[in-house]
Amino acid sequence: MKVAVTGASGLLGYPIAHMLAAQGHTVETLGRTSVADLPHRPWSLGDTPDLTGSDALVHAAFSHIPGCYRGGEGDDPEGFRRTNLDGTRRLIDAAVKANTRIIFLSTRAVYGTHPPGTTLTEDTPARPDTLYGEIKRQTEQEIAGLGTSLRITGVYGPPVPNRPHKWSHLFARFAASAPIAPRLSTEVHVADVASAVEIAINQSVAPPILNVSDIFLDQRNLLKSYAALAGISGRLPPAATGQVAGVMATDRLRALGWAPQGQSALTETLKLLV
């Protein structure tokens, strides 16, 4: 298939574009920055590209303060909304005109806050409590019937050129013996996100929403593994207590053949980061 990918220089878009290309898809990147080894077309949120001939559009672009998603609007919430929501509408118009299926990279944040231990299925009512989650949810509604929204948890993976990896600041604080708060999260490897994207592209009938999540991760255990691999010592935070505030069920995606890598992917990624 011919697949257009927006935001392909980013932490999600870059590996997804290359992994889709490795699977034999013809990939064209859309963005302000070209990507090594892949055809590129200059594009910014707000532009209306010609998607004629593209079988699928993977929309990974999102404008935000570097390093921030929740709170990524900074002191300009209206500009944040206008760029991301209105800009995406023009992209959707282009996809509709070209009869191109849309795979939208959404987020767990559309669910909002739920009591610890809550299982979040695709049928759980969305009640975003951040502007980030609200805009993602509105975008999901815009593409309803036109493709699939992947609600993705925290994503980790190998470094992307010219960008710090997800845990670079955390590892630096640890190495400096700075205090670090305990934290328990859910994570998924970016290769497993790419697998979910390909599954969504290949469905004859596009599922409207799919949850994408894999492992539980205690920040203490992450840092302990990193320290052992890097041969350093630091100030480990206490073990996290309690449960994650809402865990996404992935039964629907797994029923379509999705098989995430689990803890083995985390181990291999830490080796690369070290």
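Why does Gln 219 count as buried? At 14% relative accessibility, Gln 219 falls in the buried class (buried is under 20% relative accessible area, exposed over 50%, partly exposed in between, with a 1.4 Å probe and protein chains only). The views below come from a predicted model, in which local features need pLDDT of at least 70, side-chain atom pairs count only at pLDDT 80 or more, and totals for chains, interfaces and linings use all residues. Residues are numbered from 1 along each chain as its sequence is written, and side-chain values use heavy atoms, with hydrogens and water left out.

**View 1. Gln 219 and its contacts.**
Gln 219 sits in helix H6. Helices (H or I, at least four residues) and strands (E, at least two) are DSSP runs, numbered from the N terminus. Leaving aside neighbours within four places in sequence, Gln 219 is in contact with Leu 170, Ile 180, Ala 181, Arg 183 and Pro 237 (contact means heavy atoms within 4.5 Å). Met 248 lies 29 residues from Gln 219 along the chain, and their C-alpha atoms are separated by 19 Å.

**View 2. The buried face of helix H4.**
Helix H4 covers residues 168-175, and its buried residues are Leu 170, Phe 171 and Phe 174. Seen down the axis of H4, these residues fall within an arc of 95 degrees, so they line one face of the helix. The arc is that of the directions from the helix axis to the C-beta atoms. An α-helix has 3.6 residues a turn, so residues three or four places apart point the same way. The buried residues of H4 pack against helix H6 (219-230) and helix H8 (263-273). Just after H4, Ser 177 takes a positive phi of about 60 degrees.

**View 3. The buried face of helix H8.**
Ala 265, Leu 266, Thr 269, Leu 270 and Leu 273 are buried in H8. Down the axis of H8, its buried residues fall within an arc of 135 degrees, so they line one face of the helix. Their cover includes strand S8 (154-156), H4, strand S9 (184-189), strand S11 (215-218) and H6.

**View 4. Helix H6 against helix H8.**
H6 and H8 pack at an angle of about 45 degrees, with their axes 10 Å apart. Axes are lines fitted to C-alpha atoms, for helices over the stretch in contact, and angles run from 0 to 180 degrees between N-to-C directions. H6 and H8 are therefore oblique to each other (under 35 degrees is roughly parallel, over 145 roughly antiparallel, 65 to 115 roughly perpendicular and the rest oblique). From H6, Leu 222, Ser 225, Tyr 226 and Leu 229 meet Leu 266, Leu 270 and Lys 271 of H8. The residues of this contact divide into 5 nonpolar, 1 polar and 1 charged. Ala, Val, Leu, Ile, Met, Phe, Trp, Tyr, Cys and Pro count as nonpolar, Asp, Glu, Lys and Arg as charged, and the others, Gly among them, as polar.

**View 5. Helix H1 against helix H5.**
Helix H1 (residues 13-22) and helix H5 (residues 190-202) pack at an angle of about 60 degrees, with their axes 9 Å apart. That makes H1 oblique to H5. H1 contributes Pro 15, Ile 16, Met 19 and Leu 20 to the contact, and H5 contributes Val 190, Ala 191, Val 193, Ala 194, Val 197 and Glu 198. The contact divides into 9 nonpolar residues, no polar and 1 charged.
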